[in-house]
Amino acid sequence: MSQTTARPAQTPGAISRIRLHAHSLSPSLRQVADHVLREADTVIHQTITELATSAGVGEATITRLCRKLEFAGFHAFKIALAADVAGRDTQGERPTNLEGHAARLVKQAKLTLEDTGRLLTPDAIEAVAEHLSRAPRVDLTGQGNSGMIAQLFAHRLLRLGITAQAFTDPHVAAVSISTLPRGGVVIGLTSSGSTIDTVQHLRLAQSHGHYTVAITHRASSPVTRYASRVLFTSRQEEPLTDAVMDTLISQTFVLELLYTALLARRPEAAAMLRVTAESVVEKKY
């Protein structure tokens, strides 16, 4: 006797849920819902602050709509919306061989660097570099891929003799920031500008009177509210892809510019680089 395995019912996407609940939405919620239906391609890249501004409502209204549509929050809603958009769009022609993919990645990297370069201002880089050069300690915080870049820059600062440490554990980061000496600097890396832990770390640092730096892709994002200076990166990956090259390249580019600006402010830099290089010479054949 054969058995038929029942397939689980497909969970409705964001667009389907909006249409399903359209008749029961209040005027303000309907205003947001209509905007999302019209501008779905743009909304999947926006922060909650940006969506609220473009839809002409408050952030609380966005949150109420997400809950009305039975999403845990805005991020969950945006992921579902991105899936809808991905299923609808053909994405155009994509390379099918390794050479084609390589050419596409090179072009993408070039655009990312050029766009990030246009967003940066010398005054902002110089101001941050000045604080870094005088800081008794620098704490860097970031989650996921941003955390890896934070660790890379902490290592670069150590090579110059600047006491620096990077944290990917949010609890340890909070403890360190709360004990940062007067004049300390906290750098938060978050491409979206909405990573909760990173936002909270900069808020904590600001409350203690420290100089705070946000490195983000989003001008209208929560992290910028707690930053003494904001350094902008370029380009944002699709919410459903695992591609990270744009984020890694743009963040590294910004931090390397800071490193270059620091070299000019530390006369002992050349000697420190030599000393630190010699410290690991026995680790290589």
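Two strands pair if DSSP finds at least two bridges between them. The views below come from a predicted model.

View 1. S1 and S3 run parallel and are joined by five bridges.

**View 2. Strand S4 is mostly covered.** S4 spans residues 211–216, and six of its six residues are buried. Tyr-211, Val-213 and Ile-215 point one way from the strand. Thr-212, Ala-214 and Thr-216 point the other way. Residues on both sides are buried. S4 pairs with S3 in the parallel sense, over five bridges. Within S4, Thr-212 is the bridge partner of Val-186.

**View 3. Helix H9 lines up its buried residues on one face.** H9 covers residues 145–159, 15 residues in total. From its first C-alpha to its last it reaches 22 Å, close to the 21 Å expected at 1.5 Å a residue. Its buried residues are Ser-146, Gly-147, Ile-149, Ala-150, Phe-153, Ala-154 and Leu-157. Seen down the axis of H9, these buried residues fall within an arc of 155 degrees, so they line one face of the helix. They pack against helix H8 (122–134) and helix H12 (245–263). They also pack against three strands: S1 (138–142), S2 (164–167) and S3 (185–189). Just after H9 comes Gly-161, with a positive phi of about 85 degrees.

**View 4. Gln-251 sits buried in helix H12.** Gln-251 lies in H12. Is Gln-251 buried or exposed? Its relative accessible area is 0%, so Gln-251 is buried. Its contacts, leaving aside neighbours within four places in sequence, include Ser-146 and Ile-149. Both of these are among the buried residues of H9. Gln-251 is also in contact with Leu-189, Thr-190, Ser-191, Ile-215 and Thr-233. Of these, Ile-215 is one of the buried residues of S4.

**View 5. Helix H4 is largely enclosed.** H4 runs over residues 48–55. Six of its eight residues are buried, so the rest of the structure largely encloses the helix. The buried ones are Ile-48, Thr-49, Glu-50, Leu-51, Ala-52 and Ala-55. Gly-56 follows H4. The phi of Gly-56 is positive, near 75 degrees.

**View 6. Glu-70 takes a positive phi in a loop.** The loop joins helix H5 (59–68) and helix H6 (74–88), and Glu-70 lies in it. Most residues other than glycine have a negative phi. Glu-70 is not a glycine, yet its phi is positive, about 70 degrees. Is Glu-70 buried or exposed? Its relative accessibility is 62%, so Glu-70 counts as exposed. The cut-off for exposed is over 50%.

**View 7. Confidence along the chain.** The chain averages a pLDDT of 86. At least 70 is the score for 90% of the residues. Over residues 4–9, the pLDDT is below 50. Beyond near neighbours in sequence, this stretch has zero contacts in the model.

Methods:
Residues are numbered from 1 along each chain as its sequence is written. This is a predicted model: local features need pLDDT of at least 70, side-chain atom pairs count only at pLDDT 80 or more; totals for chains, interfaces and linings use all residues. Side-chain values use heavy atoms; hydrogens and water are left out. Helices (H or I, at least four residues) and strands (E, at least two) are DSSP runs, numbered from the N terminus. The expected span of a helix is 1.5 Å times one less than its number of residues. Buried means under 20% relative accessible area, exposed over 50%, partly exposed in between (1.4 Å probe, protein chains only). The arc is that of the directions from the helix axis to the C-beta atoms. Contact means heavy atoms within 4.5 Å. pLDDT is the predictor's confidence in each residue, from 0 to 100.
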